[in-house]
Structure formats: C-alpha cells, structure tokens
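Subject: Structure for your files

Hello,

Here is the structure I said I would send. My notes on it follow below.

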Amino acid sequence: MDGYMRGWTILLMAGLTEVVWASAMGLSDGFTHPGWTFVTAVFLTISTFLLSKALDCGLPVGGAYAVWVGIGALGTVMVSAVMGTEHFTVGSMLFVSMVAVGVIGLQATGKGHGGSVD
C-alpha cells in the first residue's frame, strides 16, 4: 500500500475513533462518570494521534481535517440515533447529509482531484 492510501486508511481509523470518544463524552454526563470520561480521554488521544499520522503520509491538512470531522460528526449522529439519545428527523437527516456532501465536495474539488484549490 502506498503512503497516500495508507494515509487515507489511517484517517478512516482516526474518524471512527472520533465517533467513540464523542459518543463516550455524551455518556460521561459532563465528565461526571469516571469510566466514560476515561474512555473519552483515551479515544480522543488515539484519534488525534491517528490524524497526525495520516498527515505524515502526505494528506493535506484542510481536507484531512474535514474528512476526520465529517466521519466523526456523521458517525456520532448515527450512534446517538441508534442509542436513542438523538432524535433523527427528516430535517436532521437533511442537514447531516449536507455535511457529507460538503466533505465529499471538498475532496472532489481539491488539489490532486482535478480542482483548482491552491
């Protein structure tokens, strides 16, 4: 696997670990539950470390950060909906979809993808 693809793989893992820490942070109830607070701290550290490693593979910081946040946001909304802590309405589905479209659009129009972003 070349460095660029390795970077995307690491970035995907970073985004998924972001879902874990963000969901755990919600369950920590304002950091009043030590177990969930610990899970939050550990996975936040892992997620940020993995993001830095993805950047080391040559991914551009702006695009990588947008994808990382996008995976985290979309995944956390989905986990919250499944857990019943988030109400998933047609409106919320629309706006979550807009986040996904924005991240995809950023990647599709960025440098190296035929776009003109400098």
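The protein chain has four helices and zero strands, and along the sequence the pattern reads α-α-α-α. Please keep in mind that this is a predicted model.

Overall dimensions and packing come first. Taken along the principal axes, the C-alpha atoms of the protein chain fill a box of roughly 45 × 35 × 25 Å. Of the 118 residues in the protein chain, 31% are buried. Among contacts with a separation of 6 or more, 64% are between residues 24 or more positions apart.

Next, one pair of helices. Two packed helices are described by the angle between their axes and the distance between the axes. For helix α1 (residues 3-27) and helix α3 (residues 61-83), the axes come within 8 Å and cross at roughly 45°.

- From α1: Trp8, Leu11, Leu12, Ala14, Gly15, Leu16, Glu18, Val19, Ala22, Ser23 and Leu27.
- From α3: Ala64, Val67, Trp68, Val69, Ile71, Gly72, Gly75, Thr76, Val79 and Met83.

By class, the contact of α1 with α3 has 15 nonpolar, five polar and one charged residues.

Threonine 76 is located in helix α3. Is threonine 76 buried or exposed? Its relative accessibility is 16%, and the cut-off for buried is under 20%, so threonine 76 counts as buried. Leaving aside neighbours within four places in sequence, threonine 76 is in contact with Glu18, Val19, Ala22 and Ser23.

Last, the charged side chains. How many salt bridges does the structure hold? There is one salt bridge, in which the side chains of aspartate 56 and lysine 53 meet at 3.6 Å, N to O. Aspartate 56 and lysine 53 are three residues apart in helix α2 (residues 34-56), so about one helical turn separates them. The two partners are listed here by accessibility:

- Aspartate 56 has a relative accessible area of 60% and is exposed.
- Lysine 53 has a relative accessibility of 34% and counts as partly exposed.

Regards

Key: Residues are numbered from 1 along each chain as its sequence is written. This is a predicted model: local features need pLDDT of at least 70, side-chain atom pairs count only at pLDDT 80 or more; totals for chains, interfaces and linings use all residues. Side-chain values use heavy atoms; hydrogens and water are left out. Axes are lines fitted to C-alpha atoms, for helices over the stretch in contact, and angles run from 0 to 180 degrees between N-to-C directions. Helices (H or I, at least four residues) and strands (E, at least two) are DSSP runs, numbered from the N terminus. Contact means heavy atoms within 4.5 Å. Ala, Val, Leu, Ile, Met, Phe, Trp, Tyr, Cys and Pro count as nonpolar, Asp, Glu, Lys and Arg as charged, and the others, Gly among them, as polar. A salt bridge is a side-chain nitrogen of Lys or Arg within 4 Å of a carboxyl oxygen of Asp or Glu. Buried means under 20% relative accessible area, exposed over 50%, partly exposed in between (1.4 Å probe, protein chains only).
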